[in-house]
Amino acid sequence: MFDNNVFIEGSCKNTVIDGKTVGYELQTYITYYRGIPLSMVNDIRVKTDGVEVPREDIMCSVDDGEYWFTLDEMTTVVGHKWEYGEPMTVRVKKENGLSTGTHQVELTVIVRTAYIPVPLEGVKERTVEIA
């Protein structure tokens, strides 16, 4: 239902910290109609050029990168809330990031809600161009 919220177009880029490319990141909107604490994010999955990214290589931030959490850490994070309409940045640790050129990137976002008994899942694949 909210698949169009997953993987904001034009948001995929390499991540450069202190002059070194340490990975890549993309953004997503929540696949639900209201905000939730990060502890209710059931899973985030990234697949790049057909290869699934290991869970331990994914981190997320909902506050413009001030605080980053691994997916395992997020299971206990109740003090940070992902609001409807606000993007979450998903960062993938990958030495040297994505190579220049075209890549197929798929993002899956799975969240739990207080009163729906099954997690809500959104999936979006995009062709991205890295300059």
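## Basis of the values

Because the model is predicted, local features need pLDDT of at least 70 and side-chain atom pairs count only at pLDDT 80 or more, while totals for chains, interfaces and linings use all residues. Residues are numbered from 1 along each chain as its sequence is written, and side-chain values use heavy atoms, with hydrogens and water left out.

Helices (H or I, at least four residues) and strands (E, at least two) are DSSP runs, numbered from the N terminus.

Four strands make up an open sheet, in the order 5-4-10-11, and their pairing is antiparallel. Strand 5 (51-52) and strand 11 (120-130) are at the edges; each has a single partner strand, so one side of each has no neighbour in the sheet. Two strands are said to pair if DSSP finds at least two bridges between them. In general, strands of a sheet pair through backbone hydrogen bonds, either parallel or antiparallel.

Strand 4 (residues 41-48) pairs with strand 5 over two bridges, in the antiparallel sense. In this pairing, T48 stands opposite V51 of strand 5.

Strand 9 (residues 88-93) is mostly covered, with five of its six residues buried. Here buried means under 20% relative accessible area, exposed means over 50%, and partly exposed is in between (1.4 Å probe, protein chains only).

Strand 2 (residues 20-28) is joined to strand 9 by six bridges, and the two run antiparallel. Y24 stands opposite V92 in strand 9. Strand 6 (residues 58-61) is also antiparallel to strand 9, with four bridges between them. The bridge partner of S61 in strand 9 is T89.

## The largest nonpolar core

A nonpolar core is a set of buried Ala, Val, Leu, Ile, Met, Phe, Trp, Tyr and Cys residues joined through side-chain atoms within 4.5 Å. Which residues touch the most other members of the largest one? They are I44 and M88, in a core of 32 residues. The elements that give two or more residues to this core are strands 2, 4, 6, 9, 10 and 11, together with helix 1 (71-74). Strand 10 gives the most, with four residues.

M88 has contacts beyond its neighbours within four places in sequence, among them L26, V41, I44, C60, M74 and W82. Contact means heavy atoms within 4.5 Å.

The structure holds zero disulfides, a disulfide being a pair of cysteine sulfur atoms within 2.5 Å. For C12, the nearest cysteine sulfur is that of C60, 14 Å away.

## A buried serine and an exposed alanine

S11 is found in the segment before strand 1 (13-17). Its relative accessibility is 12%, so S11 counts as buried. The side chain of S11 reaches the backbone oxygen of I8 at 2.7 Å. Leaving aside neighbours within four places in sequence, S11 is in contact with E25, L26 and Q27.

A114 lies in the loop between strand 10 (101-111) and strand 11. Is A114 buried or exposed? At 75% relative accessibility, A114 counts as exposed. A114 and G101 are 13 residues apart in sequence and 42 Å apart in space, C-alpha to C-alpha.

Key:
A polar contact is a pair of N or O atoms within 3.5 Å; within protein, one must be able to donate a hydrogen and the other to accept it, and residues adjacent in sequence count only if both atoms are side-chain atoms.
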